[in-house]
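Subject: Structure for your files

Hello,

Here is the structure I said I would send. My notes on it follow below.

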Amino acid sequence: MKQLFYLFLLCLFTSSAVGQQANQKTTLSGHITDAASGEELIGVNIYVKELGTGGVTNVYGFYSLTIPRGMYEITYSYIGYESIVETVDLEGHVTKNVEMSIQGKELEEFVVTSEKKDKNVESTEMSTVNMKVESIKKLPALFGEVDIIKALQLLPGVQSAGEGTSGLYVRGGNVDQNLILLDEAPVYNASHLMGFFSVFNPDAIKDMQLYKGGIPAQYGGRLSSVLDIRMKEGNSKNLAVSGGVGTVSSRLTVEAPIAKGRGSFLVSGRRTYADIFLGLSSDPEVKENKLYFYDLNLKGNYRIGEKDRIFLSGYFGRDVFKFSDEFKMQWGNGTGTLRWNHIFSNKLFMNTSLIYSNFDYLLGDPAGVDAFEWTSDIQNQTGKVDFNYFLNPENTLKFGVHSTRYQFSPGHARSGAPNDGGIFNDIKLPDIFAWEHAAYLSNEHKITPRLKATYGIRFSAFQNVGKATVYTYDKSNPDNYTVMDSTHYDKGEVYKTHTGIEPRLALKYSLNDESSVKFSYNRTVQYVHLASNSTSASPLDIWFPSSTNVEPQRADQVAIGYFRNLKNNMFETSVEAYYKNMDNQIDFKDHAELLLNEQLEGELRIGEGYAYGLEFMVRKQEGKLQGMLSYTLSRTERKIPEINNGKLYPNRYDRTHDVSLFATYDLSDKWTFGGNWVYTTGAAVTMPTGRFEYGNMITPVYSDRNAARLPAYHRLDLSATLRHKSKKNPNRRFKRETVFSLYNAYYRKNAFSINFVQDENNPNVTKAEKLYLFGIIPSITTNFKF
């Protein structure tokens with residue numbers, strides 16, 4: 001901490017001292033925005049022709065270049081936008097804000113990306129993908145619901161848990177080992193309708209970046225990946241309205257200026273309406289049923305002055321399910337982010353954030369003597385300060401400190417009819433409190449014209465805080481840990497501290513203008529974990545912290561890759577190999593009791609994990625035909641002494657082969673066609689291999705853990721988009737399009753699960769029954785904007 005504070009003071013001193021050295025160096029800085037909407041542009045390339053060097057804008061559209069005094073030709077370029085070339089006389093410090101215009105006349109017909117054309121080759125980033133929201137909208141989707149999480153599942157090294165699910169499994173990691181951020185706030189459950197849809201409304205999303213490896217030092221807290229999603233700021237120039245009406249939901253987004261040119265706001269909502277049709281039923285029981293979800297995204301920003309800007313954003317989403325008077329379930333996320341951007345000088349940029357995140361669920365029986373309600377939640381509050389210091393075109397420093405307070409409420413079950421003879425007693429597990437702190441420092445260093453490096457270090461600490469009761473377990477019987485003793489800690493007392501040092505390194509060496517080789521290494525530490533016995537994330541999963549009995553999960557990952565662009569950067573190709581070693585991996589004993597269990601830690605079994613693989617990708621992001629082909633060959637295994645007799649076993653999300661192909665084709669100004677095809681090895685499962693009879697009972701004999709496989713999964717989806725244009729007034733503001741989508745076009749009956757049951761007519765015969773979820777699903781969606 002002290003070292004970072006001293007570095008901060010040094011940066012302030014250096015930035016003030018620059019004025020005394022104006023005869024040698026000067027600084028060009030400013031913000032770059034979209035000319036039509038005023039949105040800051042992330043990753044714009046600024047190039048100084050005479051020096052053959054330059055830089056890029058950060059996530060807030062800010063850039064800074066410190067170069068010798070003189071006259072320079074500066075080029076601002078960004079895919080999808082008109083390049084700007086200007087001659088700038090740098091005799092002193094210059095602040096230059098730039099507005100860039102989209103190429104072509106019609107925004108919705110041009111896809112914009114936040115990447116330089118040669119970023120695939122020139123950047124030190126590897127195992128990193130930025131997908132364009134506008135491209136995702138052209139792909140076919142389940143029930144016509146555009147889903148950025150399902151689009152990410154098409155990438156190499158990223159897999160789904162199964163049919164229709166929106167969980168991510170990245171390079172052998174579990175679903176809880178992904179850090180999903182929405183405007184810097186963690187999202188603990190990113191799924192609607194038990195995983196069929198994600199919580200992210202694409203109309204509200206500006207940019208998203210997935211890090212599978214080479215994770216920058218400013219991110220931490222998860223082992224496998226970071227998905228950084230940023231919401232739109234809102235149109236600061238004009239009122240803009242967009243939305244859509246689909247098969248299962250409708251959307252509406254409104255954005256407009258606040259004091260034109262100084263600020264803006266965005267309100268975006270989405271809701272399903274199955275419950276509306278249920279209400280029209282003549283059956284009273286059906287009429288009382290409820291089934292819907294909603295999302296609400298809010299964001300506002302205001303520029304206080306030339307050096308200060310504030311942002312306030314929030315997300316609120318919920319699923320509601322009620323089956324007559326027999327069953328009810330609700331779950332949802334809530335996030336809030338307050339940010340302050342401040343420019344100390346033309347070289348030092350600061351962002352300060354206050355963040356809140358909550359996930360909760362409710363399960364119950366609403367009526368009768370057996371009525372009950374069971375609730376659980378996790379919430380956290382975070383304060384963080386991050387700095388960008390643009391030392392010179394060859395070095396950009398990033399450093400900061402973060403601190404997060406956690407409150408885990410594992411469960412509270414109470415009678416829903418306490419005054420009517422309810423049969424349930426009140427059961428409440430004690431809340432658990434903890435703090436997580438981190439400090440980091442990194443540098444993006446251009447060592448030579450061919451060699452670049454990004455290196456840094458992150459220090460993290462996790463503190464368990466009372467009030468708490470900690471149990472000590474007798475582990476002599478691997479099948480059943482028993483409580484030996486317990487220790488009580490008072491409120492506010494720190495009773496356990498874990499620490500971690502997390503080095504990060506990424507190297508890039510250019511072989512020529514079109515190809516490079518890259519290497520990355522990162523260590524990550526995870527202090528909060530998910531208790532789940534299902535194959536995909538469920539709303540009933542329980543988050544719990546590292547503690548006296550649970551060590552933090554740790555992972556070391558190395559990756560090496562070859563990157564090449566073809567045909568003047570039109571095609572991006574890459575081959576990456578990775579190896580990941582994971583310590584303190586969590587699994588559960590057979591028949592573990594996870595719910596309402598105060599001694600949950602006694603159900604855990606701890607061991608090691610390994611993941612390794614090869615990833616191949618070819619991507620085209622320009623022209624009428626765009627798309628990507630990816631193939632992953634991988635293996636992920638666990639070794640836990642108390643499970644599978646201590647032998648290695650495949651993890652449940654292990655997939656040996658994973659192939660994805662998607663493409664979109666703009667046939668004309670009116671028609672765009674899209675399609676995707678996926679193939680994966682079947683999921684690893686445990687199945688019976690025999691049986692025996694004992695006391696007139698037939699008992700199955702099972703294979704080793706996850707020694708069997710479900711049938712291979714494959715599916716083809718198709719879509720067509722028709723843009724409606726007015727012949728009388730083709731340039732009018734109101735735009736409308738209709739999207740036709742076909743999910744599972746050749747009716748593949750992919751196995752969701754396989755169950756073994758006795759034949760009713762012959763109890764000596766056991767049958768296998770396959771459950772599949774979806775046949776062919778057509779859908780239609782109408783989108784509009786003005």
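**Notes on the model**

Asn 392 is found in strand β25, residues 372–392; strands (E, at least two residues) and helices (H or I, at least four) are DSSP runs, numbered from the N terminus. At 23% relative accessibility, Asn 392 counts as partly exposed. The classes are buried for under 20% relative accessible area, exposed for over 50%, and partly exposed in between, with a 1.4 Å probe and protein chains only.

Before the rest, the basis of the values. This is a predicted model, so to read it note that local features need pLDDT of at least 70 and side-chain atom pairs count only at pLDDT 80 or more, while totals for chains, interfaces and linings use all residues. Residues are numbered from 1 along each chain as its sequence is written, and side-chain values use heavy atoms, with hydrogens and water left out.

**Whole chain**

The protein chain has 6 helices and 51 strands. Its radius of gyration is 27 Å, close to the 28 Å that the globule rule gives for 786 residues, so the chain is as compact as a globular protein of that length. That radius is taken over C-alpha atoms, and the rule is 2.2 Å times the number of residues to the power 0.38. Along the principal axes, the C-alpha atoms fill a box of roughly 95 × 65 × 55 Å.

Of the 786 residues, 54% count as buried. Among contacts (heavy atoms within 4.5 Å) with a separation of 6 or more, 65% are between residues 24 or more positions apart. The accessible surface is about 33600 Å², and 57% of it belongs to carbon and sulfur atoms; areas come from the Shrake-Rupley method with a 1.4 Å probe.

**Cores**

A nonpolar core here is a set of buried Ala, Val, Leu, Ile, Met, Phe, Trp, Tyr and Cys residues joined through side-chain atoms within 4.5 Å. The largest has 36 residues, and those with the most contacts inside it include Met 131, Leu 152, Leu 182, Phe 200 and Ile 229. Two or more residues each come from α3 (133–136), α4 (148–152), β12 (178–182), β16 (205–211) and β17 (225–231). The largest share, 4 residues, comes from α4.

Beyond its neighbours within four places in sequence, Leu 182 is in contact with residues including Val 187, Phe 200, Ile 205, Ile 229 and Tyr 315. A second, separate core of 32 residues includes Met 329, Tyr 527, Trp 543 and Phe 544.

**Backbone points to check by eye**

- The peptide bond from Gly 466 to Lys 467 is cis, with omega near 15°. Lys 467 is in the loop between β29 (451–465) and β30 (468–474).
- Glu 184, in the loop between β12 and β13 (185–186), has a positive phi of about 75° although it is not a glycine. Glu 184 counts as buried, at 9% relative accessibility.
- Asn 706 also has a positive phi, near 55°, in a residue other than glycine. Asn 706 lies in the loop between β45 (697–702) and β46 (708–709) and is buried, with a relative accessible area of 10%.

**One more buried residue**

Arg 270 is in strand β20, residues 263–272, and counts as buried at 4% relative accessibility. Arg 270 and Tyr 294 are 24 residues apart in sequence and 5.5 Å apart in space, C-alpha to C-alpha.

Regards
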